[in-house]
Amino acid sequence: MKSFLLFCLSLYVVAAKHEIYDGYVVYEAYPKSIDEIELLNDVANELGLDIWSHANLDKPGEFFVSESQKLPFEDTMKSIGISYKVTVENIREMLELEDQKLAAAATSSRNSNTSRLSLDEIYTVNQVNHYLADIAGRFPRVTRLVNGGSSVEGRTIQYLEISTTGIQNTRKPVIVLQSLLHAREWVTLPPALYAIHKLVVDVTESDVLNNFDWIILPIVNPDGYAWSHSNARFWRKNRRSGLMIGNFCLGVDLNRNFNINWGTASSSNVCMDTFHGRGPNSEPETQVVVNVLNRFSGRVAMYIDLHSFGSMILYGWGNGTLAPNALSLNVGGVRMAQAIDAVKWPQKPNYRVGNIVAVLQYRASGGASDFAQANGIPFSYTYELPGLLGAGSNNINSFLVDPSFIRQAAVETWAGIVAGARHVWNVL
């Protein structure tokens, strides 16, 4: 009887957690020209919509729209002549399905007890921190756990230094890999943890370990990530408060907060998901990344910022101009994409490679990869991992995670990272 009551209570808690998304739907919109794409982006910004995926000429835009925004959105689409359709009428069903699948996968993997790192579940902040401590404790010769600083809410932002020769060897190039700058992009965490596993526990590509030192930051935005687990699954920003009277809206988009063209292609509205903050590098989470790059200034050869979704490898600049080494960046990106495409699931799209604006058809300022590029890192990329295809009866791309894809996402992303590291080594 007690277990039954606990089961009922867990269902109630899950249901209550997703109440904030009652009435939300997902739309696809289908612009037919560059002008219509720009018009659609303007409309989304004016209505304050959550843009899940920007439209380009090859794919529709995806918009997460609240019940109160549905009529204004549809009326505006009709008035400007851009076709659209609803792809998800009840997002809460999908959220509850994700909860059920992840809970079942976690129970199964823990019962099997075959490894200290299962690639069938999504870990919490505390679980990741325990894993990092465990790795550092078991492999002290090649790893060092570092407290990079604290988040807005006081959570520790930890990362691993991985080196076979001592991290202080200034002649050895460094690769920096990070994930979860955006809280809701859960699928980016397993590839970061898998990279640690492949560099420390199950080393099958010894050249990338011997040739480079590695810095891996699995959770750059721990407050937002924790909030996306407990309160709002699609939360993107950090949890900075005090930005407006009453804290009606809060949070800073960390990928618009870096000191590179800050504030030129982002939002000054606190309530928008692309709010850039009060100033460049204003957020402690941003400062952790900046400090890492400054500490290894002149040594970082490649920087990879993991995001989702879209199956893309992007490089600067976010204002549409090309970095001086754009050709070399493109070659490296293609090598990584080809490595991923060789092992990806057939139903997933091939990776696209290119400049941020050329591929996404919108501008963005204050991005982490642009900041890294501007600070002398020759190969700086943003990965956009694949979205979920198919959940229940729906067939959409989204931030939701299916446990069946977690391992695959990690394996294929690692294949791309290895290809990138080998390319960088060959051209250094």
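Is Tyr 27 buried or exposed, and what is its relative accessible area? Tyr 27 is buried, with a relative accessible area of 1%, where buried means under 20% relative accessible area, exposed over 50% and partly exposed in between, computed with a 1.4 Å probe on protein chains only. The model shown in these views is predicted, so local features need pLDDT of at least 70 and side-chain atom pairs count only at pLDDT 80 or more, while totals for chains, interfaces and linings use all residues. Residues are numbered from 1 along each chain as its sequence is written, and side-chain values use heavy atoms, with hydrogens and water left out.

**View 1. Aromatic pairs.** Rings of Phe, Tyr and Trp (for Trp the six-membered ring) pair if their centres lie within 6.5 Å, and planes under 30 degrees apart count as stacked, over 60 as edge-to-face and the rest as tilted; by this rule there are 18 aromatic pairs. Tyr 27 and Tyr 84 are edge-to-face, because their ring centres are 5.9 Å apart and their planes stand at 65°. Since Tyr 27 belongs to strand 1 (residues 25-30) and Tyr 84 to strand 4 (residues 83-88), this pair ties together parts that are 57 residues apart in sequence; helices (H or I, at least four residues) and strands (E, at least two) are DSSP runs, numbered from the N terminus. Tyr 84 is partly exposed, at a relative accessible area of 24%. Phe 258 and Phe 371 form a tilted pair, with 5.6 Å from centre to centre and 45° between the planes. Here Phe 258, in the loop between helix 8 (222-230) and helix 9 (284-295), is linked to Phe 371 in helix 12 (residues 368-374), 113 residues apart. Phe 258 is buried at 0% relative accessible area, and Phe 371 is buried at 6%.

View 2. The unreviewed UniProt entry places the feature "active site" at Glu 384; UniProt positions are given in the numbering used here, feature names are shortened, and annotations may be inferred rather than shown by experiment. Glu 384 lies in strand 12 (residues 379-385) and counts as buried at 13% relative accessibility. Beyond its neighbours within four places in sequence, Glu 384 is in contact (heavy atoms within 4.5 Å) with residues including Ser 308, Phe 309 and Ser 311. The side chain of Glu 384 reaches the backbone nitrogen of Phe 309 at 3.4 Å. Phe 309 lies in the loop between strand 9 (300-308) and strand 10 (312-315), and a cis peptide bond with omega of about 15° joins Ser 308 to Phe 309. Ser 311, placed in the loop between strand 9 and strand 10, has a positive phi of about 55° although it is not a glycine. Most residues other than glycine have a negative phi, and most peptide bonds are trans.

**View 3. Asn 238 and its polar contacts.** Asn 238 sits in the loop between helix 8 and helix 9 and counts as buried at 0% relative accessibility. Its side chain makes polar contacts with the side chains of Glu 283 (2.9 Å) and Glu 285 (3.2 Å). A polar contact is a pair of N or O atoms within 3.5 Å; within protein, one must be able to donate a hydrogen and the other to accept it, and residues adjacent in sequence count only if both atoms are side-chain atoms.
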